Amino acid sequence: MTDTEKTEGAEADRGLRMRVSELAKFGSGLPVGHWGGRYLWQLSESTRLRVAWMETGERSARDAGRVLLEEFLDLHGQLPFANLRR
């Protein structure tokens, strides 16, 4: 499944649900291929983490994410914790 398929149309909800599920399973020690959030599970209170999302309307999720990262960089001068790339 491509990034576009994960974030558009009928696949959007399934794609998001699958990605969050894989992140949680990885954090529980299960062997899934979700390395994107590996640093989150090193936090001392990682079991208290919450998942949030926002609707992006007409804008693609990828474009919305880029804008949010740029705003964070402008404000803080670095990427958010556990974000390894833009």
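Q: Let's start with E45: is E45 buried, exposed or partly exposed?
A: E45 is partly exposed, at a relative accessible area of 45%. The scale runs from buried (under 20% relative accessible area) through partly exposed to exposed (over 50%), with a 1.4 Å probe and protein chains only. Before we go on, this is a predicted model: local features need pLDDT of at least 70, side-chain atom pairs count only at pLDDT 80 or more, and totals for chains, interfaces and linings use all residues. Numbering starts from 1 along each chain as its sequence is written, and side-chain values use heavy atoms, with hydrogens and water left out.

Q: Which residue forms a salt bridge with E45?
A: Side chains of opposite charge can pair when their charged atoms come close. The cut-off for a salt bridge is a Lys or Arg side-chain nitrogen within 4 Å of an Asp or Glu carboxyl oxygen. E45 pairs with R48, and their closest N and O atoms are 3.1 Å apart. R48 is exposed, with 63% relative accessible area.

Q: How many helices and strands does the chain have?
A: Helices (H or I, at least four residues) and strands (E, at least two) are DSSP runs, numbered from the N terminus. Here you get three helices and zero strands, in the order α-α-α. α3 has 16 residues, and its end C-alpha atoms are 22 Å apart, which agrees with the span of 22 Å that it should have; the expected value is 1.5 Å times one less than the number of residues. A64, L69 and L73 are buried in α3.

Q: Which helix has the lowest mean pLDDT?
A: pLDDT is the predictor's confidence in each residue, from 0 to 100. Helix α1 (residues 3-7) has the lowest mean, 47, while α3 has the highest, 93. Residues 1-7 stay under 50. For the protein chain the mean is 81, and 83% of residues reach 70 or more.

Q: Where is S46, and what does S46 touch?
A: S46 is in the loop between α2 (11-27) and α3 (61-76). S46 is buried, at 13% relative accessible area. Leaving out residues up to four places away in sequence, S46 touches L40 and W41; a contact means heavy atoms within 4.5 Å.

Q: What is the phi of A82?
A: Most residues other than glycine have a negative phi. A82 has a positive one, near 75°. A82 lies in the segment after α3 and counts as buried at 17% relative accessibility. G77, which follows α3, also has a positive phi, near 75°.

Q: Which residues form the nonpolar patch on the surface?
A: Patch members have over 30% relative accessible area and no salt bridge; like charges are joined within 9 Å, nonpolar side chains (Val, Leu, Ile, Met, Phe, Trp, Tyr) within 5 Å. Here they are Y39, L43, L49, F81 and L84, with about 460 Å² of accessible area together. Those areas come from the Shrake-Rupley method with a 1.4 Å probe; for residues, only the protein chains shown count as cover. L84 sits in the segment after α3 and is exposed, at 53%.
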